[in-house]
Amino acid sequence: MRRCERCILPESLPSVQLDKNGVCSHCRKYDDEFGDWEALKAERTQELENLLTRVRELHRPYDCLVPLSGGKDSTYVLHVCSQVYGLRCLSVTFDNGFLTEHARKNIQNALDATGADHLYYSVNRNHLLQLYRLFLERSGDFCSACMRGISEAVDRAALAFDIPLIVNGGGRRVAYLAPASELFQPGSLQIFQSTVGAATAEVDWTLALGATHAPGHGEGSQPSRSGLATTAVKSLRFGRRIVDRALRIFESPTFKGPVTIGLFDYLNVEPAQVYQTLKEEMNWAAPTDQPEHMDCALHELTFYIHTLKFPELTPHTFHRSGMVRRGLMDREEALRAEEAEAAAPSTPEALAPFLAEIGMSLAEFESAVKDWKKLEKFR
């Protein structure tokens with residue numbers, strides 16, 4: 001298996017193309033935009049300060065909105081926006097029903113430390129579980145339903161309170177997975193609508209065609225035209241209810257929204273510095289074995305699904321590769337960690353209870369997620 005000579009991404013991934021020097025397309029794209037950070041640092045810092053000056057001059061009730069998950073990145077963003085730059089902040093959390101207790105505690109500690117206002121945004125759990133199963137069956141991925149929920153929570157709050165700026169804990173510099181379209185799907189409204197709509201179309205046709213086997217008809221016979229029409233109308237109404245309910249959950253209003261930025265496209269902060277600041281200033285903590293993505297109890301399932309689509313991956317391949325790309329981890333160290341993890345694969349503890357909740361068997365789950373091409377249908 002050939003890997004990028006700079007990071008550790010395998011060539012077998014569709015989004016990875018190696019050049020003549022063996023450097024992958026992900027690394028080349030990163031270098032094009034952020035390769036010489038020392039030269040960019042002053043310019044990016046000035047861009048951020050200019051933007052914040054314009055925001056303050058608007059004199060809105062809130063200067064910015066911070067999507068707050070309770071994880072390290074979003075908590076650090078709230079610290080920087082409120083304590084370093086003195087912005088009036090509203091923070092918003094999308095609670096998918098799987099928010100960890102560590103995350104809830106970190107959120108409360110962050111609010112106590114900053115005095116920021118905060119909203120929890122949640123969806124009926126049964127509806128969300130239905131959407132998880134729907135997205136798994138249709139696209140082989142369930143995170144895009146939650147991503148839509150996060151976007152919806154943020155968009156609604158920004159609109160309701162006329163907030164000019166959204167600052168999140170992401171950015172192109174730290175978006176290790178986003179360039180891999182075979183694995184990552186953002187929660188856009190278009191993706192959500194097309195996925196739900198495709199499922200509804202399938203339900204309609206299945207129920208309508210099922211009328212040919214209605215009781216009272218002999219083998220190979222057809223029902224009356226009126227019987228088939230009645231069944232089709234009923235199925236259309238049933239399908240329409242699915243769509244209406246789903247779109248009512250996550251449909252965003254049409255408006256010219258605020259400016260959205262990822263803070264780490266403007267600030268180059270070492271992870272060690274982030275952790276130290278969070279501990280000292282925000283009373284932040286995480287499980288000792290899982291400082292990354294500890295906010296969602298289902299997050300490990302996402303990376304497990306990636307290994308089912310591409311067995312040459314481990315759950316941490318993309319994270320390690322991003323750390324190497326940013327100079328935060330030695331490539332040889334990353335390769336050794338990959339080999340050790342690949343030699344001892346494990347199934348996430350959350351998988352069995354999650355499948356029980358959505359009413360899906362392990363065989364159905366594995367069959368649904370293995371084909372990475374399914375995502376392409378809904379873009």
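What follows is a short chat about the fold and some of its packing.

Reader: OK, what are we looking at, and how many helices and strands does the chain have?

Author: It's a predicted model, to be clear from the start. The chain comes to 14 helices and 5 strands.

Reader: And what share of the 379 residues counts as buried?

Author: 48% of them. As for contacts with a separation of 6 or more, 78% are between residues 24 or more positions apart.

Reader: Let's do strands. How do E1 and E2 pair?

Author: In the parallel sense, over 4 bridges. E1 covers residues 64–67 and E2 runs over residues 89–95. If you want a spot to look at, Leu65 sits opposite Leu90 in E2.

Reader: Which way do the E1 side chains point?

Author: Cys64 and Val66 go one way, Leu65 and Pro67 the other, and all of them are buried.

Reader: Switching to helices. Which residues of H1 are buried?

Author: H1 spans residues 25–34, and Ser25, His26, Cys27, Tyr30 and Phe34 are buried there.

Reader: What do those pack against?

Author: Helix H2, which is 37–57, and H11.

Reader: Since you mention H11, what about Ser321, buried or exposed?

Author: Ser321 is in H11, residues 317–325. Its relative accessibility is 0%, so Ser321 counts as buried.

Reader: Which residues does Ser321 touch, leaving aside neighbours within four places in sequence?

Author: Cys7, Ile8 and Leu9.

Reader: Last topic: H5 and H14. At what angle do they pack?

Author: About 55°, with the axes 7 Å apart. That makes H5 oblique to H14. H5 is residues 125–139 and H14 is residues 362–369.

Reader: Which residues meet there?

Author: From H5 you have Arg133, Leu136 and Glu137, and they meet Glu364, Phe365, Ala368 and Val369 of H14.

Key
Residues are numbered from 1 along each chain as its sequence is written. This is a predicted model: local features need pLDDT of at least 70, side-chain atom pairs count only at pLDDT 80 or more; totals for chains, interfaces and linings use all residues. Side-chain values use heavy atoms; hydrogens and water are left out. Helices (H or I, at least four residues) and strands (E, at least two) are DSSP runs, numbered from the N terminus. Buried means under 20% relative accessible area, exposed over 50%, partly exposed in between (1.4 Å probe, protein chains only). Contact means heavy atoms within 4.5 Å. Axes are lines fitted to C-alpha atoms, for helices over the stretch in contact, and angles run from 0 to 180 degrees between N-to-C directions. Angles under 35 degrees count as roughly parallel, over 145 as roughly antiparallel, 65 to 115 as roughly perpendicular and the rest as oblique. Two strands pair if DSSP finds at least two bridges between them.
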